Amino acid sequence: MDRSSHGRSRRFAPAVALAAAAALTLAGCSSSSGGKKADEDGDSGASAGKANTPRMTVALVTHQAPGDTFWDIVRKGAEAAAAKDNIKLVYSADPNAGNQANLVQNAVDQKVDGIAVTLAKPDALRSVLGKAEKAGIPVVGLNSGLADWQKLGLMEFFGQDESVAGEAFGKKLNEVGSKKALCVIHEQGNVGLTQRCDGLKKTFEGSVENLYVNGADKPSVKATVTAKLQQDSAIDRVVTLGAPFAMTAVQSVDESGSKAQVATFDLNKELTGAIEKGDIEFAVDQQPYLQGYLAVDGLWLYKNNGNYSGGGEQPVLTGPAFVDKSNVKAVAEFASKGTR
């Protein structure tokens, strides 16, 4: 990507770099709309010196659906970086792409110092991200949108290549001897979720069927998966695309009488316990805490030292990594704090 073609060197004039202070105190961050406050399960797991750079305001805008606890981990990482970097963090979220675009517009109108945004449905955000660029507000991407962040003029991207993760998942299913997998997609139109199932199909030697469910309605998810398992006894793996849905799928397996095992993308503290007990076979960890942390810290580094993570040319990958019975204890302690 030619940075000059996007006018980055002209659009965003970085401030003079300032040294970080050594005080070991953490500043509070504001947080609004979208799930519970991220530190209710404990501290963010961070303890670092607080910067004495000028106060910044950063908007973190995601496509979080109500009740999706994955984003609590992202927020913990973002809040830890904000505390360290003397940043006021304003969090907002909406799974509806049009509403998410409006939240980004709100951040532009408030003249924030930087925006970190997920691109689950990138086309819906194209116009408003152009307005952020015109306003001279630096924008970084995280979690969703690896194929689109450069096209939309973002400076950096922090996340997982979902196609690569899906391909690795398919190979893992081959290793464990699976023959037929059900890939449960909990949000239609989310390009990252689709890429996971498509990647799985590319490398998996068995057969794969996609099942679309309404992730905002957990009872409906359970009923739909249960019905499918009762209908097709050949399914030996249920693949979910988020940790909360994996736990729901375990209930579906039990209720249907299926012999299928559950494996999933993403991790949380409940899931690590389920892996230890054998209820979940394995999980792919994309390290959401790291995504939130690096996105916010990346904006601070740009503002105060002109840095581009990945040189503005390459994404910074945070996954995939597999967690199963052989290594789950190594991450369980961190997961219990809500940071993995």
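How many aromatic pairs does the count come to? The count comes to six aromatic pairs, where rings of Phe, Tyr and Trp (its six-membered ring) are paired if their centres lie within 6.5 Å, and planes under 30 degrees apart count as stacked, over 60 as edge-to-face and the rest as tilted. The structure is a predicted model, in which local features need pLDDT of at least 70 and side-chain atom pairs count only at pLDDT 80 or more, while totals for chains, interfaces and linings use all residues. Residues are numbered from 1 along each chain as its sequence is written, and side-chain values use heavy atoms, with hydrogens and water left out.

The secondary structure of the protein comprises eleven helices and twelve strands; helices (H or I, at least four residues) and strands (E, at least two) are DSSP runs numbered from the N terminus. Of the 340 residues in the protein, 53% are buried, a term denoting under 20% relative accessible area, with exposed meaning over 50% and partly exposed in between (1.4 Å probe, protein chains only). Among contacts with a separation of 6 or more, 78% are accounted for by residues 24 or more positions apart, contact meaning heavy atoms within 4.5 Å.

Tyr 289 and Tyr 293 form a stacked aromatic pair, at 6.5 Å centre to centre and with 20° between the planes. Both residues lie in helix H10 (residues 288-305), four residues apart, about one turn of the helix. Tyr 289 is buried, with a relative accessible area of 15%. In the pair of Tyr 302 and Tyr 308, the ring centres are 5.3 Å apart and the planes stand at 65°, so the arrangement is edge-to-face. Tyr 302 and Tyr 308 are both buried. One aromatic cluster is formed by Phe 169, Phe 265, Phe 282 and Phe 322. The ring of Phe 282 also has the charged end of Lys 172 over it, 5.7 Å from its centre; for such an assignment, NZ of Lys or CZ of Arg must be within 6 Å of the ring centre and within 35 degrees of the ring normal. Lys 84 lies over the face of Trp 300, at 5.2 Å from the ring centre.

One disulfide is counted, defined as a pair of cysteine sulfur atoms within 2.5 Å. The sulfur atoms of Cys 183 and Cys 197 are 2.0 Å apart, and the link is left-handed, with -80° about the S-S bond. Cys 183 belongs to strand S6 (residues 180-185) and Cys 197 to helix H6 (residues 191-203), so the pair ties together parts that are 14 residues apart in sequence. Both cysteines are buried.

Glu 187 is placed in the loop between S6 and H6 and counts as buried, at 14% relative accessibility. Leaving aside neighbours within four places in sequence, Glu 187 is in contact with His 63, Pro 95, Lys 121, Leu 193 and Val 213.

Backbone geometry was also examined. Most residues other than glycine have a negative phi, and most peptide bonds are trans. A cis peptide bond, with omega of about 10°, joins Gly 319 and Pro 320, the latter being found in the loop between strand S11 (316-319) and strand S12 (321-323). Lys 111, although not a glycine, has a positive phi of about 55°. Lys 111 is found in the loop between helix H3 (97-109) and strand S3 (114-117) and is exposed, with a relative accessible area of 70%. Asn 143 likewise has a positive phi, near 70°, but is placed in strand S4 (residues 139-143) and counts as buried at 5% relative accessibility.
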